[in-house]
Amino acid sequence: MDKKNSLSITDNRTGRTYEVPIENDTIRAMDLRQIRVHDSDFGMMLYDPAFTNTANCKSRITYIDGERGILEYRGYPIEDLAENSTYLETAYLILNGELPSRQELEEWTYQVTHHTLLHENIKKFIDGFRHDAHPMGILISATAALSTYYPQAKSVLDIESRRLQTYRLIGKVITLAAFAYRHSRGLPYVYPCNDLSYTGNFLSMLFRMTESPYKPNPVLEHALDVLFILHADHEQNCSTNAMRSVGSSQADPYVSIAAAAAALYGPLHGGANEAVLRMLSSIGNLERVPDFIRRVKAGETRLMGFGHRVYKNYDPRARVIKRIADQVFEVTGRNPLLNIALELEKIALEDEYFIKRKLYPNVDFYSGLIYQAMGFPVDMFPVLFAIGRTVGWIAQWQEMLTDGEQKIARPRQVYLGVRQRAYVPMEKRPSTMREA
Ligand code: SDX
């Protein structure tokens with residue numbers, strides 16, 4: 001072993017020293033199991049609730065530097081992709097590792113475009129939801145339901161099957177999302193129009209009101225396409241971890257994505273953009289901002305859209321979104337809640353409570369303002385996040401499946417409960433109800 005590239009760990013309980021190799025600035029948790037007091041011991045483990053300092057995979061998809069506020073997809077800075085690329089082109093890059101040639105992009109776009117249709121029965125499935133069903137609940141359920149239409153998707157180790165499911169998932173997620181929205185509005189479903197761009201097609205399925213072809217506003221179409229780029233992947237976030245974990249049992253990609261979307265739905269994750277708008281609306285005006293900040297610092301509530309497990313600097317995506325907001329508001333009119341958001345940011349960036357905790361605006365802080373200005377109801381916001389993230393979930397899933405070091409995810413635990421208790425017959429139990 002290269003002594004210079006290793007840890008020397010001394011167990012003071014036994015005085016024994018162990019040499020543990022360092023690779024990629026990490027040590028293998030399994031190398032700790034040799035550390036025991038008695039030979040019969042299980043051996044040392046790492047204890048890391050919520051994986052705050054644990055790498056569970058090697059990846060070549062997305063690089064984040066939290067301190068410097070850097071985000072790259074396959075080595076390309078997010079700012080360059082937002083400026084120059086399209087969502088489908090970026091999706092190809094994330095999945096395949098390289099930007100496509102013109103011909104590759106045309107073939108990729110053709111395949112995704114020609115997989116936007118849903119089986120007609122899915123409409124009956126969506127019709128079964130209440131009118132006020134949250135569209136994330138519909139999206140998660142309908143994505144899992146798609147698993148029953150494509151049983152061959154269970155061949156997760158077959159590259160051709162993965163490729164076909166990839167076309168279907170990226171193609172159909174916008175149709176599912178649009179159908180969920182139309183259902184909530186009591187409007188007829190609008191079928192995909194293959195003459196439009198991916199994002200234009202989505203806008204058409206959402207907002208077309210008559211048989212005349214839908215012409216998306218180019219500024220809004222581009223803004224939403226960039227937002228999909230910004231949400232496309234983000235290394236080992238909560239929902240991607242769910243995708244990798246569920247996928248590691250070789251469940252099919254539809255139910256794995258349903259699990260990932262379920263994780264995204266939480267207000268601490270992709271549900272934060274919805275929570276931000278509800279927060280801004282509840283504050284209501286600039287005069288009430290100082291009292292809200294006071295309540296946050298008192299621990300009574302959280303400043304949704306602020307803070308991040310990795311970024312301890314400004315989320316680079318939030319910076320791009322702020323620029324897009326100006327373009328959108330040129331078309332839609334300025335969202336009045338923007339003034340409250342800007343005031344919250346101004347105060348938070350100067351206040352010791354947020355500075356000490358390195359709390360900066362994240363991707364969710366401004367995105368909702370754009371979505372609302374574009375006409376989306378607040379409960380559609382996490383659905384829009386899920387559309388962008390679908391390609392990231394798939395790319396991480398296929399990287400997991402093709403990584404020889406990966407197998408079914410099954411963490412360990414530290415057991416602190418009671419042991420070896422004898423069963424107590426009912427007549428011998430205390431009659432009072434214990435505190436749960
Ligand atoms: C996304 O992981 C990803 O990459 C996610 C994502 C992606 O692209 O996939 O980037 C998308 O999910 C962005 C995050 C959206 N969530 C929110 O905006 C919800 C509000 N933010 C937080 O709840 C929180 O910041 C998290 C969940 C994002 C991160 O939480 P951590 O890393 O577990 O941090 P923590 O909860 O341990 O907080 C550390 C301290 C605590 O204070 P103390 O207990 O030390 O006094 O900071 C405080 C927290 O109370 N804190 C906040 C806060 N976020 C953290 N205080 C007020 N407002 C906040 N938003």
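1. Start with the area buried between domain 1 and domain 2: in this predicted model it comes to about 1,900 Å². Carbon and sulfur atoms give 73% of that area. If you wonder why an area is quoted here, the size of an interface is often given as the accessible area lost when the parts come together.

2. The largest share comes from α8, with eight residues. Sorted by class, this side of domain 1 has 14 nonpolar, five polar and three charged residues.

3. Now for the pairings across the interface. The rule finds zero salt bridges between domain 1 and domain 2, while four residue pairs are in polar contact. In overall contacts, 22 residues of domain 1 meet 22 residues of domain 2.

4. To find the domains in your viewer, note that the domain assignment gives domain 1 two segments, 77-263 and 378-401. Domain 2 covers 272-373. The C-alpha centres of the two domains lie 27 Å apart.

5. Next, have a look at the ligand. It is surrounded by 23 residues, and the closest are H234, R302, G305, H308 and R317.

6. Which atoms of the protein lie 2.9 Å, 3.0 Å and 3.2 Å from ligand atoms? A polar backbone atom of F306 is 2.9 Å from a nitrogen atom of the ligand. For N362, an N or O atom in the side chain is 3.0 Å from a ligand oxygen atom. For R357, an N or O atom in the side chain lies 3.2 Å from an oxygen atom of the ligand.

How values were computed. Residues numbered from 1 in each chain as written. Predicted model: local features only at pLDDT ≥ 70, side-chain atom pairs only at ≥ 80, totals over all residues. Heavy atoms only, no water. Domains from an automatic or database assignment. Contact = heavy atoms within 4.5 Å. Buried area = accessible area lost by both parts, 1.4 Å probe. Salt bridge = Lys/Arg side-chain N within 4 Å of Asp/Glu carboxyl O. Polar contact = N/O pair within 3.5 Å; in protein donor to acceptor, adjacent residues only side chain to side chain. Helix = DSSP H or I, 4+ residues; strand = E, 2+ residues; numbered from the N terminus. Nonpolar A, V, L, I, M, F, W, Y, C, P; charged D, E, K, R; others polar. Near = heavy atom within 4 Å.
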